[in-house]
Amino acid sequence: MDRIRIRGGRRLSGRIAIGGAKNAALPLMAAAILTDGTLALENTPDLADIATLARLLETLGVRVEREGRVTRLTCASVASTEAPYDLVRKMRASVLVLGPLVARERVARVSLPGGCAIGARPVDLHLKGLEAMGARIELAEGYVEARAPDGLRGAEIVFPFVSVGATENLLMAATLARGTTVLKNAAREPEVEDLANCLVAMGARIEGIGSDHLVVHGTDRLAGATHPILPDRIETGTYAMAAAITGGDVELTGTRIGLLEATVASMREAGISVEPTAEGFRVSRSCLIHGTDVMTEPYPGFATDLQAQMMALLAVAEGASMITETIFENRFMHVPELRRMGANINLHGSSAMVRGVARLTGAPVMATDLRASVSLVIAGLAAAGETMVNRVYHLDRGYERLEAKLAACGADIERLKETA
Ligand code: EPZ
């Protein structure tokens, strides 16, 4: 398995281009099932998770053609309504094909995703929503079987708590349902908004886009469309923190501050300068990092997908910070590894008390999920000596050319290819 070696202590300076959002691209690709026309997605990132979903869609009968940054998906007819275990287990987001398949084919059999490194992550809200829309749901042999022989019908669905994936799945399903669907307490993440805008371009009728109250008037048919995928706010925030921890000065281009206001507010509170530019924004730091408290929340709150990276940054702050995770029950796997690098962090249930230290030290480390892994890269950039990050495949799921982007700004970072 490849590894990434970082020799810490270099200040980052330069520009980093941000790609299209992974977590927008995945539901957008699944939306191709809703039409026999061609959905052209511009600004598609080149990531392992995108390739995994493309493979799944191909088994369902979607033609996937990639040309540079544009991915064209055409589902002239659905060849299979089954998402097999072997593909779903690689990536939970595969469950996003469920709503579109039932909406178009009135039947779907999708492997239940298991728990994962960051928690149990059930899909009960996806299933209850489809049931409310008239689908019969059965669980057998590790699969969800959904049937709606007369087609889905509109329903009022009130989410007990915010779920990005359930909102996306039901939003897609509702576009082809008979009548009106109301989604209350819907997720407001920019990726949900991006999906809704694309569905509208395909002919869907959706009101309340960007709010937590979505009203979808079902229609018989959607058409193809061309849609630019929005910038990846998590990639943006990750590089912002990488620049900050090194006391650097980096312009992030192809992105916008407005996508991560809560993160920017926390970074400013920590003493980091964040200023908009014509092409994105610039992050720099010339004073010590101040300890600051952070709590993850659904959008527009501080993103859980940036919690680990913020913790790496605050590990070298002056003073203490309390970081509270409210979205996932087990999203602190980076803590023991950061501790091995000299961080002073104590866990109390869903909160981490981070007491800043003057300097981290390099170490061999590994993590079991994408954002935890990248937090170790951030820590390594500021640590004295060498950090070796193992299990790099996690990084490849969500960061395109990570080491090249950081090296271009002066980081001493290198991918060591596995030798057989
Ligand atoms: C999306 O996951 C993202 N993935 C995650 O990004 C992100 O961390 C998460 O939203 C929260 O922002 C994609 O967009 C592909 P949820 P999702 O449904 O949709 C519980 C990354 O690093 N829940 O909003 O799966 C769930 O267990 C990834 O890029 C239920 O209990 O998240 C969690 O505690 C990781 N029942 C909470 O809700 C359900 O039916 C929020 O999950 C659904 C969710």
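Nine nonpolar, two polar and two charged residues make up the lining of the largest cavity. The model is predicted.

**The cavity**

- The count comes to one cavity of 30 Å³ or more.
- The largest cavity holds about 60 Å³ of space.
- Its lining has 13 residues, and those closest to the centre are Arg-233, Leu-259, Leu-260, Thr-263 and Gly-301.
- Two helices, α8 (233-245) and α9 (261-269), each supply at least two residues of this lining.
- Helix α9 gives the most, with three residues.
- Rolling a probe the size of a water molecule over the atoms shows where empty space is left.

**The ligand**

- The ligand is surrounded by 22 residues.
- Closest to the ligand are Asp-124, Ser-163, Asp-305, Ile-327 and Arg-371.
- Arg-371 has a side-chain N or O atom 2.7 Å from an oxygen atom of the ligand.
- For Lys-22, a polar side-chain atom lies 3.0 Å from a ligand oxygen atom.
- For Arg-331, an N or O atom of the side chain is 3.2 Å from an oxygen atom of the ligand.

**Helix α6**

- Helix α6 covers residues 164-175, which is twelve residues.
- From first C-alpha to last, α6 reaches 17 Å, close to the 16 Å expected at 1.5 Å a residue.
- Ser-163 caps the N-terminal end of α6. A side-chain oxygen of Ser-163 lies 3.0 Å from the backbone nitrogen of Ala-166.
- Ser-163 is also among the residues closest to the ligand.
- Helix α6 is mostly covered, with ten of its twelve residues buried.
- The buried residues of α6 include Ala-166, Glu-168, Asn-169, Leu-170 and Met-172.
- Thr-175, the last residue of α6 (164-175), is buried as well.

**Helix α2**

- Helix α2 runs over residues 48-60 and has 13 residues.
- Its reach from first C-alpha to last is 19 Å, close to the 18 Å expected at 1.5 Å a residue.
- Buried residues in α2 include Asp-49, Ile-50, Thr-52 and Ala-54.
- Among the other buried residues of α2 are Leu-53, Leu-56, Leu-57 and Leu-60.
- Gly-61 follows α2, and its phi is positive, near 110°.

Key
Residues numbered from 1 in each chain as written. Predicted model: local features only at pLDDT ≥ 70, side-chain atom pairs only at ≥ 80, totals over all residues. Heavy atoms only, no water. 1 Å grid on protein atoms, 1.4 Å probe; cavity = no way out; pocket = protein on both sides within 12 Å on 5 of 7 lines; lining within 4 Å. Points joined across faces, edges and corners; volume = space filled by probe spheres on them. Helix = DSSP H or I, 4+ residues; strand = E, 2+ residues; numbered from the N terminus. Nonpolar A, V, L, I, M, F, W, Y, C, P; charged D, E, K, R; others polar. Expected span 1.5 Å × (residues − 1). Buried < 20%, exposed > 50% of the residue type's maximum accessible area, 1.4 Å probe, protein only. Polar contact = N/O pair within 3.5 Å; in protein donor to acceptor, adjacent residues only side chain to side chain. Near = heavy atom within 4 Å.
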